[in-house]
Amino acid sequence: CRRPPHGRSGGGRVTALAIFEVRLVAGASDDALARYAEYKERVAPLILAAGGRYLARAAVGEFLEADAARMFWASPEYADIVALRDGAVDVRAVLLP
């Protein structure tokens, strides 16, 4: 991922919010829940590397640019871990530029 410039401490302005709806799959197996736990550990550093951060317990993220969020979701690093959540949660994401 290309890292966008950070400007939060210097008065940078957030221009994009990502809203994540995450629902636990009823009857998810222990294995699926363990993979999802690994996903949660691995996704946070990728979001930071893309210039984003969580605002509300993994439900709302902010990015300095909408393109940074799009680049994060399209990155090979994210593609490598997205299957870890399969079978444990259903996720919908909406980007508000």
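The model is predicted: local features need pLDDT of at least 70, side-chain atom pairs count only at pLDDT 80 or more, and totals for chains, interfaces and linings use all residues. Residues are numbered from 1 along each chain as its sequence is written, and side-chain values use heavy atoms, without hydrogens and water.

Leu17, Ile19, Leu55, Val94 and Leu96 make a nonpolar patch of about 370 Å². Strand 1 (16–24) and strand 4 (89–96) are the elements that give two or more residues to this patch. Strands are DSSP runs of E with at least two residues, helices runs of H or I with at least four, numbered from the N terminus. Leu96 sits in strand 4. Leu96 counts as partly exposed because its relative accessibility is 43%. Buried means under 20% relative accessible area, exposed over 50%, partly exposed in between (1.4 Å probe, protein chains only).

Now turn to the rings. The structure holds seven aromatic pairs. Tyr36 and Tyr39 are stacked, because their ring centres lie 5.8 Å apart and their planes stand at 15°. Rings of Phe, Tyr and Trp (its six-membered ring) pair if their centres lie within 6.5 Å; planes under 30 degrees apart count as stacked, over 60 as edge-to-face and the rest as tilted. Tyr36 and Tyr39 are three residues apart in helix 1 (residues 30–49), so about one helical turn separates them. Tyr36 is buried at 14% relative accessibility, and Tyr39 is buried at 9%.

Phe72 and Trp73 form a tilted pair, with centres 6.3 Å apart and planes at 50°. Phe72 is buried at 1% relative accessibility, whereas Trp73 is partly exposed at 27%.

Technical notes: Patches are made of residues with over 30% relative accessible area and no salt bridge: like charges are joined within 9 Å, nonpolar side chains (Val, Leu, Ile, Met, Phe, Trp, Tyr) within 5 Å. Accessible areas come from the Shrake-Rupley method with a 1.4 Å probe; for residues, only the protein chains shown count as cover. A salt bridge is a side-chain nitrogen of Lys or Arg within 4 Å of a carboxyl oxygen of Asp or Glu.
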